[in-house]
Amino acid sequence: MEPIADSEIKKVLVVIAHPDDSDFGASGTIATWINQGIHVSYCICTNGDQGGEESGISVEEMPQVRQREQRAAGAAIGVTDITFLNYRDGWLEPTIGLRKDIVRAIRIAQPDRMVIQSPERNWDRIGASHPDHLAAGESAIQAVYPDARNPFAFPDLMDAGHQPWRVKEVWVMSHAQPDHFVDITDVFHHKMAALHSHVSQTAHNKELENMVRSWGERNARLAGLPEGHLAEAFKIVNTN
């Protein structure tokens with residue numbers, strides 16, 4: 001499916017399970033949007049406190065570390081509007097409570113477009129299908145439709161002044177059958193700057209750039225881009 005033209009998009013909301021998820025999956029694309037003047041905000045469900053066992057950081061310290069790293073990663077590509085929902089890492093489930101929190105985030109951000117994780121397991125890339133990713137993706141698409149636009153859903157949100165909002169389209173990361181690709185060759189250095197900001201998660205990986213580049217090259221081949229180009233891949237869903 002062809003996406004809505006970027007010229008018609010004013011705001012984008014990214015909903016993810018953990019700090020660094022969008023930097024691996026979409027930060028090149030996000031950087032291109034920011035360069036066009038589109039406002040991008042993040043809603044991050046957990047603090048990723050079960051990640052980074054190689055870092056030597058205690059599990060008690062990890063939430064603060066990962067929030068700090070995500071703010072630095074956001075700054076590397078121009079994202080400063082970041083909300084953490086503070087759910088427990090590794091225990092995320094598509095509950096009514098999580099759905100309500102994402103509906104609140106949608107009504108506050110009022111995005112034209114959202115980026116979410118795939119609620120469908122990708123058997124070819126099991127690492128992209130962490131249970132928290134699946135739960136965040138499922139809760140996010142449920143929040144988009146039907147609840148964010150429905151004035152009768154979560155009436156206490158209406159009472160708090162959060163008016164219904166209709167998201168026009170959703171871009172799904174890590175989907176097994178992507179149908180849209182974004183050339184990120186010119187902003188790849190921004191993507192790597194964001195990823196290197198997640199020191200507790202990436203500093204031990206000396207092959208990080210080669211690994212991420214190989215993913216981008218694979219996507220570029222799927223997109224039919226010239227040799228040497230890099231791309232990110234999405235499934236486009238019309239939710240208007």
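This is a predicted model: local features need pLDDT of at least 70, side-chain atom pairs count only at pLDDT 80 or more; totals for chains, interfaces and linings use all residues.
Residues are numbered from 1 along each chain as its sequence is written, and side-chain values use heavy atoms, with hydrogens and water left out.

Now step back into α4 itself, residues 96-109. Its 14 residues reach 20 Å from first C-alpha to last, close to the 20 Å expected at 1.5 Å a residue (the expected span is 1.5 Å times one less than the number of residues). Colour its buried residues: L98, R99, D101, I102, V103, A105, I106, R107 and A109. Buried here means under 20% relative accessible area, exposed is over 50% and partly exposed is in between, using a 1.4 Å probe and protein chains only. What covers them? The cover includes β1 (11-16), β2 (39-46), β3 (81-87), β4 (113-117), α5 (131-147) and α6 (155-159).

Next, select V115. Contact means heavy atoms within 4.5 Å, and, not counting residues up to four places away in sequence, V115 touches V12, L13, V14, V15, A26, W33, W171, M173 and F234. Together with I30, V40 and Y42, V115 touches the most other members of the largest nonpolar core, which has 32 residues. (Such a core is a set of buried Ala, Val, Leu, Ile, Met, Phe, Trp, Tyr and Cys residues joined through side-chain atoms within 4.5 Å.) Helix α7 (residues 188-197) gives this core its largest share, 4 residues. Apart from it lies another core of 27 residues, with V103, I116, A143 and V170 among them.

Show the aromatics next. W33, W171 and F234 are linked by ring pairs into a cluster; rings of Phe, Tyr and Trp (its six-membered ring) pair if their centres lie within 6.5 Å, with planes under 30 degrees apart stacked, over 60 edge-to-face and the rest tilted. The whole structure holds 3 aromatic pairs. F24 and W215 have ring centres 6.1 Å apart and planes at 55°, so this pair is tilted. F24 sits in α1 (residues 21-25) and W215 in α9 (residues 208-223), so the pair ties together parts 191 residues apart in sequence.

Last stop: R88, whose charged end sits over the ring of W91, 3.8 Å from its centre (the cut-offs are NZ of Lys or CZ of Arg within 6 Å of the ring centre and within 35 degrees of the ring normal).

Notes: Helices (H or I, at least four residues) and strands (E, at least two) are DSSP runs, numbered from the N terminus.
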